[in-house]
Structure formats: structure tokens, C-alpha cells
Amino acid sequence: MPQHRFIVCSYTKSLSLGTVSWQSPSNIALVKYWGKYGEQMPMNASVSFTLKNCNTKTSLSFEKKDTEGFDFEVYLDGKREVSFEPKIKKFFERVEVYLPFLNNFKFKIETTNSFPHSSGIASSASGMSALALCLMDMERQMQPEIPDDYFVEKASFLARLGSGSACRSIEGPLIVWGEHHEVDGSSNLFGTKYPFGVHQNFKNYQDTILLVDKGEKQVSSTLGHDLMLDHPFAEQRFRQAKENLSKLIPVFKKGDLSEFIKIVESEALSLHAMMMTSRPYFILMKPNTLQIINHIWKFREETGSNICFTLDAGANVHVLYPEIEKETVLHFIKKELSKFCKNEEFIEDEAGLGAEKILD
Ligand code: PMV
């Protein structure tokens with residue numbers, strides 16, 4: 001089994017006390033992952049832009065202990081957050097076989113997000129990847145000779161076991177997750193850097209996130225993924241995603257923005273179509289989500305802009321556009337789209353290079 005190489009039997013150094021800190025970004029999928037099997041394996045390959053400004057900073061303090069079992073506390077913005085602890089416990093149980101030291105330490109996990117907690121922006125991708133990197137940092141202190149590529153792959157592998165899409169947040173700017181016959185090195189176990197040429201048009205691609213609905217998610221992505229198991233359109237959807245990733249390869253290479261728009265918007269709507277046609281069915285878009293989409297289409301038709309949208313599992317709209325259009329599109333967003341956001345709020349972001357260690 002390929003994941004066996006992430007199992008460690010012994011370490012060369014021991015640790016007793018310390019703190020490690022990492023900052024990890026969110027990511028936005030262009031070809032979506034929706035449907036999983038086994039232990040967090042994707043039913044189709046996906047590709048995403050890693051973001052830059054939406055991120056989680058996590059500090060992991062550890063102290064050696066002699067008692068059995070996991071011992072940890074989670075803090076969000078300095079306050080104990082017991083509601084996060086069942087998810088972390090499940091994560092620890094899943095990754096214990098790959099990080100045998102988890103039982104030997106008492107942990108304090110302190111985390112802050114650069115975006116408002118209730119913004120509807122998934123903090124699981126940035127949060128789980130930041131935690132996975134902190135744990136890998138500890139592992140590297142106990143086994144200093146582990147190579148950099150192993151460090152990155154195992155961090156992505158562990159992040160995936162916390163939240164699937166988190167495995168695409170370790171590096172950037174374009175990450176593929178899931179085996180795809182045209183992408184060498186692609187794996188269901190971890191994200192890998194998109195290996196082909198990318199035209200200047202896609203450099204520093206902009207993503208302005210319009211906060212339409214800031215509430216808690218109505219339907220968890222875990223439930224959504226499960227509903228793909230006996231979904232009537234599952235096979236067609238997985239085939240479509242695979243084809244869309246193939247189609248993006250020449251699009252990225254040539255800088256073909258009009259084809260990019262067609263693929264990306266169709267992917268977003270297909271994701272939501274899956275939600276609307278599952279049993280039980282549900283709708284995560286809000287009336288203002290549709291208002292924004294229609295205004296984007298109108299603006300594109302009238303001005304010839306290369307603006308487009310994508311959605312994740314919620315009502316917020318990610319507005320994507322080339323860096324060269326930044327001024328005009330931001331002007332349009334402020335004038336025409338911000339009124340559809342809760343408190344007129346939006347977040348300016350762009351493609352970034354992935355996680356970073358925070359030094360004291
Ligand atoms: O990582 P999860 O299990 O929260 O799933 C995320 C799924 C989408 O955001 C809807 C799509 C994707 O590929 O990120």
C-alpha cells in the first residue's frame with residue numbers, strides 16, 4: 001500500500017517541550033471534488049488555486065506526558081473552543097498510525113483565521129493544513145533527516161485525513177489532488193503541484209470573495225460527499241470532472257480565458273446541480289448568489305471582461321479575473337455587486353504560494 005511509506009516506526013531524537021507555528025491558506029477549486037470513498041479518497045481529480053490572504057495561523061504547544069490517550073485543548077482567537085474538539089479527536093484517531101507520538105504529548109492548539117469565523121469561508125482547509133504542518137514540524141524535529149518533498153507530501157496526506165480539500169493548501173499556486181491519467185504524479189493520497197505550463201494570463205489570478213451568507217453551513221460537506229454514493233448522476237459527474245481537468249491543460253498553457261470561464265462556471269453549477277438532485281436534495285445558493293451571477297454575466301457581455309465566478313459548498317461567490325483587470329473589476333464589484341453581500345462585505349484575495357512556517 002503506497003500510504004505505508006508515511007508510517008514511522010521510530011525517531012532518532014526525542015522532544016519534551018516546545019511550540020511550532022504555521023500559517024496555511026484556504027484554496028478555491030476550479031474543478032470540484034464532490035464525492036469520496038474509503039478514507040477520504042476523492043471520486044475524481046480536482047484542481048485549485050491556493051489563496052493568499054484567507055489563511056489560518058496555528059500554534060501547537062506540546063509537553064511530554066506519561067499518561068495514556070490523547071490530551072489536547074483547542075483555542076480560537078484566545079478562547080477555548082470545545083466545539084472543535086470532537087473533529088480534532090477524530091483527526092488524531094485517523095492519523096495516529098502515521099504520527100505515533102500523538103499519545104505521548106499534551107497539546108495546546110491555538111488558532112486564528114484572517115477571515116471572520118462566521119464568514120462562510122471554509123476554515124477546515126486552512127485549519128487542517130496548518131495543524132498537519134505543525135505536527136510534521138514536530139516529526140521533523142524528531143527525525144531531522146526527512147527530505148523536504150517527504151515533509152510536504154506527508155503534510156498534505158495528513159491534512160487530507162482532516163478535511164479532503166485541505167490537502168490542496170500546503171503549496172501553490174495550482175494544485176491537483178486525485179489520480180488523473182494526464183497528470184504525472186497525481187495521487188488520491190495528497191495534493192501535487194500542477195506540473196504543466198501556465199500562461200502569464202493566469203499569474204496572480206484574482207479571487208474576490210463576496211460574502212453573501214455568513215451563517216453556519218446548512219449541510220456539512222461530509223453529508224454532501226456521502227450523497228454522491230448513490231446519486232443518479234454520479235458516474236456522469238465524475239466523468240465530466242475528469243474531462244474538465246483534461247480540457248484545462250491546454251487552456252492554462254495557451255492562456256485561453258474564454259474557455260477557462262466556460263469550464264470553471266460549468267464546474268460550479270454542476271457542483272450545485274449535484275446538491276439539487278441528490279436525495280435528500282438541498283439548495284445552498286441564495287437569491288443574492290443568483291443576482292451576482294446574473295450581474296457578472298451582464299458585465300461580461302457588455303464590457304468584454306474576463307470576469308467569471310465559482311462557488312464552493314455555500315452561497316458565497318468567488319469572483320475570478322486576471323490581475324490586469326483588477327482595477328475595473330474591483331470598481332464593478334464595489335458599485336454593482338457589494339450590495340448583494342451581507343453588510344456589503346467582500347474579501348480581496350489572489351492565487352498564492354501556500355503555507356509558511358511562522359518563526360518566533
Ligand atoms: O474538503 P471538504 O470535505 O470540505 O470538501 C470540499 C468540497 C468543495 O469545496 C465543495 C469542492 C472542492 O473541491 O474544494
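The model is predicted: local features need pLDDT of at least 70 and side-chain atom pairs count only at pLDDT 80 or more, whereas totals for chains, interfaces and linings use all residues. Residues are numbered from 1 along each chain as its sequence is written, and side-chain values use heavy atoms, with hydrogens and water left out.

**Domains**

Begin by colouring residues 2–196 + 353–357 as domain 1 and residues 206–350 as domain 2; such bounds come from an automatic or database domain assignment. The contact between them takes 34 residues from domain 1 and 41 residues from domain 2, where contact means heavy atoms within 4.5 Å. Taken over C-alpha atoms, the centres of the two domains are separated by 25 Å.

**Ligand**

Next, select the ligand. It lies between domain 1 and domain 2, because both give residues to the shell around it. Display the 13 residues around the ligand, among which Tyr33, Ser165, Arg168, Ser221 and His225 come nearest; a residue is near a molecule if one of its heavy atoms lies within 4 Å of it. The shell comprises five nonpolar, five polar and three charged residues. In this grouping, Ala, Val, Leu, Ile, Met, Phe, Trp, Tyr, Cys and Pro count as nonpolar, Asp, Glu, Lys and Arg as charged, and the others, Gly among them, as polar.

An N or O atom in the side chain of Ser165 is 2.6 Å from an oxygen atom of the ligand. For Ser221, the distance from a polar side-chain atom to a ligand oxygen atom is 2.8 Å, and for Ser163 it is 3.3 Å. On its own, the ligand has 380 Å² of accessible area, of which the protein covers 92%; accessible areas come from the Shrake-Rupley method with a 1.4 Å probe.

**Helix H1**

Move to Glu85, which lies in helix H1 (residues 85–95); helices are DSSP runs (H or I, at least four residues), numbered from the N terminus. Glu85 counts as buried because its relative accessibility is 13%, buried being under 20% relative accessible area (1.4 Å probe, protein chains only). Beyond its neighbours within four places in sequence, Glu85 is in contact with Phe72, Glu73, Val74 and Arg80.

**Helix H2**

Finally, select Met138 in helix H2 (residues 123–142). Met138 is buried, its relative accessible area being 0%. Apart from neighbours within four places in sequence, its contacts are Leu15, Val20, Leu60, Phe62, Phe101, Phe105 and Phe107.

Note on methods
Polar contact = N/O pair within 3.5 Å; in protein donor to acceptor, adjacent residues only side chain to side chain. Helix = DSSP H or I, 4+ residues; strand = E, 2+ residues; numbered from the N terminus. Buried < 20%, exposed > 50% of the residue type's maximum accessible area, 1.4 Å probe, protein only.
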